[in-house]
Amino acid sequence: MYFVNWQREISIVEMNGKKVVVKRNKLSKNLHDYLLVISYSILSILLAHPSAPPELGSKMTLNEGFEMREKLQLLGIPTPSLISITSSMLIEDFIAGGNLHQVLSNGRNSSLAFNAGIITGRLHKSGYSFIDNKSQNYLVTSSRQVLRTDLAFIQKRDSIFAISMDIGSFLGSLLGLDCKKYEEIENAFYAGYYSEVKARIPYLSLILRNILGFGLSFSSNWIQNILQGPDKLLSYRRKFGFSVKSP
Ligand SMILES: Nc1ncnc2c1ncn2[C@@H]1O[C@H](COP(=O)(O)OP(=O)(O)O)[C@@H](O)[C@H]1O
Ligand SMILES: [Mg+2]
């Protein structure tokens with residue numbers, strides 16, 4: 001099986017009787033990395049939280065490497081086993097259940113979003129952020145464990161902007177789903193996140209969700225799901241005891 005994705009060429013092959021995923025950088029990958037980084041900086045300035053762009057290049061290979069995966073494992077963030085890595089290619093275990101976006105789109109599995117919330121919260125507690133935290137970057141195993149893949153952009157940052165990028169890009173990637181389903185997912189994600197971080201969700205994450213959602217999942221549901229936003233955050237304050245922090 002083989003599918004093309006905007007950043008990397010992903011292929012699934014058999015190696016020593018085991019299915020593995022090979023990810024090769026495309027020629028256009030550098031350009032896309034720069035676009036992501038530039039958008040990050042421009043958004044941070046527009047939203048009055050100026051932030052230096054995430055690092056590219058060798059840092060991205062280190063982020064995907066054995067050491068980082070071990071560190072994440074210690075934090076309670078499981079990732080697929082890495083088989084080998086170079087600056088232009090990596091091989092990791094194939095995870096059969098598909099990415100979290102596919103799984104959430106295809107059924108009522110919002111408890112899996114709770115796990116994504118836990119993973120995001122654990123990373124933030126350690127002072128790091130994913131920056132590119134789309135639901136497509138989570139994988140679901142056949143025993144329904146949620147793993148994190150695509151680690152290239154992890155940064156040692158815990159600014160409000162970086163944290164909001166993670167929450168915003170996760171929720172933004174799902175804004176295109178049916179409203180009821182989106183609401184369940186958002187609740188589950190917040191509950192998982194709160195169970196780890198026990199701190200308020202920055203209001204900026206809602207703004208980023210809406211901006212990023214435009215690119216990540218444009219559809220008519222996007223409009224309805226955004227309009228529900230501010231009331232929802234107020235109700236989380238009642239439910240989980242955290243309050244809305246203004247930008
Ligand atoms: N280990 C894996 N097992 C199964 N599918 C995977 C695996 N890694 C990635 N994928 C699939 O490929 C997609 C893109 O992979 P990702 O690592 O996010 O690359 P990119 O840098 O292009 O975003 C994921 O959304 C997922 O659907
Ligand atoms: Mg990805």
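The model is predicted. The protein has 10 helices and 7 strands. Of its 247 residues, 36% are buried. Among contacts with a separation of 6 or more, 72% join residues 24 or more positions apart.

**Helix α1**

- Helix α1 spans residues 29-46, which is 18 residues.
- From first C-alpha to last, α1 reaches 26 Å, close to the 26 Å expected at 1.5 Å a residue.
- Y40, L43 and S44 are buried in α1.
- Viewed down the axis of α1, the buried residues fall within an arc of 100°, so they line one face of the helix.
- The cover over these buried residues includes α6 (160-172) and α8 (204-216).
- On the other side of α1, the exposed residues are L31, Y34, L35, I38, I42, I45 and L46.

**Packing of α5 and α7**

- Helix α5 (residues 111-125) packs with helix α7 (residues 179-197) at an angle of about 35°.
- The axes of α5 and α7 lie 7 Å apart, and the crossing is right-handed.
- From α5, the contact uses S111, A113, F114, N115, A116, G117, I118, T120, G121, R122, H124 and K125.
- From α7, the contact uses I185, A188, F189, Y190, A191, G192, Y193, S195, E196 and V197.
- By class, the contact of α5 with α7 has 11 nonpolar, 8 polar and 3 charged residues.

How values were computed. Residues numbered from 1 in each chain as written. Chains lettered and ligands numbered in written order. Predicted model: local features only at pLDDT ≥ 70, side-chain atom pairs only at ≥ 80, totals over all residues. Helix = DSSP H or I, 4+ residues; strand = E, 2+ residues; numbered from the N terminus. Expected span 1.5 Å × (residues − 1). Buried ≥ 20, exposed ≤ 12 C-beta atoms within 10 Å, placed from the backbone. Arc of directions from axis to C-beta. Contact = placed C-beta atoms within 7 Å. Axes fitted to C-alpha atoms, helices over the stretch in contact; angles between N-to-C directions. Left-handed = near helix turned anticlockwise from the far one by under 90°. Nonpolar A, V, L, I, M, F, W, Y, C, P; charged D, E, K, R; others polar.
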